[in-house]
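Please keep the sequence and the coordinates at hand while reading.

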Amino acid sequence: MTVQSPPAPPQAQVQGGPAAPVPGPAGAAESGRQRFSRLSSSLRHTPGQLRGILAVLVVLTLGAGVTAATSILGKSAVIEDTTSQSGRLSVAALELYQALSQADASAASSYLTAGAASEEVHDSYREALRDATVALTTAAREVETHADAQLVAELNAHLPVYTGLVESARTFNRLGEPVGATYQRQASTLMRSEMLPDANTLQHNAIDQLNEARDEASAFPWVATALAAAALGVLVWAQLWLTRRTNRVFNLGLVGATVAMIGMTGWLVLVALASASHTERSHEEGSDPLELLAEAHITAQQARAEESLLLIARGEDEKADERYTDQMALLVGEGGLLAQLSEAYGDDPDLSGPLAAAEESAGAWSAGHDEVIKLAKAGSYAEAVELAVGDSDESLATSFDALDEQLTEATAISAERFVDATGDAERSLSGAAAGLAALSLLALVSAAIGIQMRVAEYHA
Amino acid sequence: MILHRSTVPQSSAKRRPRWAAALGACLVAAACSGPVSIEPPEVDVPTPLPEGIDFDPEIETGTADDSCEPVASYSPGSVTAEQARATLGDQDLVVIGISQSTNLMGYRDPVTGDLAGFDIDIAKAIVSHLMGDETKVKWVPMTSGDREEAVNSGTVDMVVRTMTMTCKRWNSVEFSSEYYHGGQRLLVPTGSGIGGLGDLTADHQVCTGKGSTSPRNIAEQSEAQPVTVPDFNDCLVLLQQGTVDAITTDDCILAGMAIQDPTLEVVGEAFSQEPYGIAFAKGNTDLARYVNGVLETMREDGTWQDIYDKWLAEHLGAATAPDPVYQD
């Protein structure tokens, strides 16, 4: 059974109808005074005191029930949100960022490669473009802020310009015109200076929204717990007071209410702790490594794009070499992304394998790059290109592809964990809202019956 | 408000649900906020630009260094190939600095991947005289900024890379005699109405390479607004995309652009003197003298003419080899 809205007793709609006359401020003050004198006089007698206790209990029990149910419902909604809106947006933004850098790396490699192999690399460019457009479509549907909508629009406007430049580069290259290289470089500049930063910002915005949601989901429901504890306290005190007044040890109604409230409080605390721990797990085992892995992946792709650009510029683009060096330092340098990954997840039985292999591939690539630069600087351009993009085992393309594959594998494992943990968090909450509401109603009814029975004794 | 409405005496049992309803309503209201409406984004028309483009570059001023005769080199004398080879870093291999990205002058043929161009053919002819074998050469690609350092550090034995002989450069390197007489001209779209410097107005943006003398020449001799880019190859893309109205740089480089696009043409008279020379390490006059001898031979036996006709004549018209000037 699921509860769609906080449990409010059905009489509420009848009583709270809009037909009730609304008195002016003077009338309200007067009626307030009247009510206060009536209340204080009735509280001097036991039945009135009993009704007073009941009123307090009603407020506390209902308050606890309503806040508990709404906070659990809120948590479910937030967790659902992390798998839907903000979750989908962050996944889409991440995919977009990755697809764009992959497109850039593939386009540049494809420009350098000749013949059938070039077509193969170009296929991966087309796949990356498809992924990018699909991710952009998803992101466009999920954005909720003006800033994010602006970013998506900018990316949408730039993407066709980028592909146009890449196609011009390809065409000129086929015609044997060197200006193709300049088009390719301009495409990469557009990607590097406009599109990737936009995609990066979008991704960070989405992750911030996700983190905010997660903090909300793992927050402990203090108000509901405090109200429940207060209700319990009042219940216990009321029973002690009644025992003194009436010399009867147990009031079955109040005992029932106490049991129900204990059950409710316990359940609330357990559920809140369980869902918080699952949410935390989704963060630590899921989104944390996912973010780091994606960053490593993108850095590798950008380094690869710069490496190709350097060769496309016939070794005459020093800036490209600098950018390659910067990206590689981020990736494999001391305290770089791969080092961070292996430090954080090196002991993880599933992740350690792909991560270690990724580090090895990146090392082989980095070492091979120096050889490519040496060849290019020495004028052995054809050999340099062959080593960089050829399909031999020593080729940098081989190490880069291996690195790409290993990072993809680790990403898939982390993504699965994220989905599992979020699912667990969602499941741990299922039925809790309804149950908590039912228990607090039960406590309310029991208390009301118990107290009404005593009140009836006075009137009898 | 809802509490104040209870003016009619009621039992507490009846009042209770109202509080609950109020409490519930508040919580629900706090929990769900309404959907946010997003203003439609506004995006400028994207214009792809190369990195480092400057639409309003600072133009160097000051007088040109004319303290010397830039084209005057060393007379060939009687330096033999053997003596010249003795100056090489490696006796069996001459190392030559070239460009791989200047179409028609020194570039990689995109189809074959081989080096080709006017500079390359001139260098090959020198190699076959100097080494007796055209293949005993190592080509080292370099940027224009690397040239002077490369010959002096011994990375290369000579540089054949569209290098203009200037008095300033004579201070750090030795030059051969002039092997190509270039001059700055304009590349414009056919039918643009621009036929030379005089047709340029302040509304015209003229693209040229940063750090060369070209921006200064165009700024001093015309009304046009120079636009500089770090690599002059970017100018061709900018002209094709309509971002700039013309390109100006040395005529042979313009020819290398014009050949890639049939809708462009080189126009106007040259408005600067760009004598190209081969650079050697400062002090290595033996190699300079020997190469000057080879250049003499190439002028006489028609090798120079063949190379010019093969690469440049189609776009720059007929020309003959510049006469050598010697300082001794």
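Predicted model: local features only at pLDDT ≥ 70, side-chain atom pairs only at ≥ 80, totals over all residues.

Residues are numbered from 1 along each chain as its sequence is written, chains are lettered from A and ligands numbered from 1 in the order in which they are written, and side-chain values use heavy atoms, with hydrogens and water left out.

The secondary structure of chain B comprises 11 helices and 17 strands; these are DSSP runs numbered from the N terminus, helices being H or I with at least four residues and strands E with at least two. Of the 328 residues in chain B, 50% are buried, where buried means under 20% relative accessible area, exposed over 50%, and partly exposed in between, for a 1.4 Å probe and protein chains only. Chain B exposes about 14,800 Å², of which carbon and sulfur atoms supply 49%; accessible areas come from the Shrake-Rupley method with a 1.4 Å probe, and for residues only the protein chains shown count as cover. Among contacts (heavy atoms within 4.5 Å) in chain B between residues at least 6 apart in sequence, 72% join residues at least 24 apart.

Which covalent links occur between cysteines? A disulfide is taken as a pair of cysteine sulfur atoms within 2.5 Å, and the count over all chains is 2. One of them joins B:C68 to B:C167, with an S to S distance of 2.0 Å. This pair links distant parts of the chain, 99 residues apart: B:C68 is in the loop between α1 (12–31) and β1 (72–73) of chain B, and B:C167 is in helix α5 (residues 167–170). The torsion about the S-S bond of B:C68 and B:C167 is -105°, a left-handed link. B:C68 is partly exposed at 31% relative accessible area, whereas B:C167 is buried at 5%.

The disulfide of B:C207 and B:C235 has its sulfur atoms 2.1 Å apart. B:C207 lies in strand β11 (residues 205–209) and B:C235 in helix α7 (residues 233–240) of chain B, so the pair ties together parts that are 28 residues apart in sequence. Because the torsion about the S-S bond of B:C207 and B:C235 is about -75°, this disulfide is left-handed. B:C207 is buried at 0% relative accessibility, and B:C235 is likewise buried at 0%.

With the bonded cysteines of chain B numbered in sequence order, the pairing reads 1-2, 3-4. A further cysteine, B:C252, is buried at 0% relative accessibility.
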